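Subject: Model for you to look at

Hello,

Here is the structure I promised to pass on. My notes on confidence and helix packing follow below it.

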Amino acid sequence: MSKKTIYLETSFISYLTNRLSRDLIVAAHQQVTRLWWDEKRDNYDLVVSEVVIDEIKKGDTEASIMRQSKIEGLPILQLKPEVLSLAQLILQRSFLTVKALPDALHMAMGAVHGIDYIITWNFKHMANAEIEYAIIGACEEQGYRSPIICTPLEFMGGESENE
């Protein structure tokens, strides 16, 4: 059986590499991300995209280098015309503004390239139940299956230390 594919969205990579936050919730998300990276990543085929590469190159040079080092050697999905078309439809269907275009591109990239999961900490535009149906509908209208958009925490269940 082949491995499922996971698209690593930019927020995941940032949570993996940033200094531990003083915000307790963000710090917990960072810890879960690091745990997932250490314990679960080998169970999946990981990919990123040109959009992720562009986003992780921004900001502090040292932090950018750290982010880039984590994804070194991973396959990079290409930004095809079909991705742009689907991203526009996702924006329209979900009533997101053009500011959310990079997030729509992540979702469209996953659908067009047949990715199983997008792993993210972006609750505003991606891991958001209120827009999930719009994303699924836009993907289906264009003949694609929407990837499952989730957080690393959703992969951590199933094994209890007490079992």
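**Confidence**

Residues are numbered from 1 along each chain as its sequence is written, and side-chain values use heavy atoms, without hydrogens or water.

Residues 159-163 stay under 50 in pLDDT. The model gives them two contacts (heavy atoms within 4.5 Å) beyond four places in sequence. Where pLDDT is low, the predicted coordinates should not be read in detail.

**Helix 5 and helix 7**

Helices are DSSP runs (H or I, at least four residues), numbered from the N terminus. The axes of helix 5 (residues 81-94) and helix 7 (residues 129-141) come within 9 Å and cross at roughly 140°. Axes are lines fitted to C-alpha atoms over the stretch in contact; angles run from 0 to 180 degrees between N-to-C directions. Leu-86, Leu-89, Ile-90, Arg-93 and Ser-94 are the helix 5 side of the contact. Helix 7 brings Ile-131, Ala-134, Ile-135, Gly-137, Ala-138, Cys-139 and Glu-141.

**Helix 1 and helix 4**

Helix 1 (residues 10-17) packs on helix 4 (residues 61-71) at about 110°, axes 9 Å apart. Helix 1 is therefore roughly perpendicular (65 to 115 degrees) to helix 4. Ile-13, Ser-14, Leu-16 and Thr-17 of helix 1 meet Met-66, Arg-67, Lys-70 and Ile-71 of helix 4.

Best wishes

How values were computed. This is a predicted model: local features need pLDDT of at least 70, side-chain atom pairs count only at pLDDT 80 or more; totals for chains, interfaces and linings use all residues. Helices (H or I, at least four residues) and strands (E, at least two) are DSSP runs, numbered from the N terminus. pLDDT is the predictor's confidence in each residue, from 0 to 100. Angles under 35 degrees count as roughly parallel, over 145 as roughly antiparallel, 65 to 115 as roughly perpendicular and the rest as oblique.
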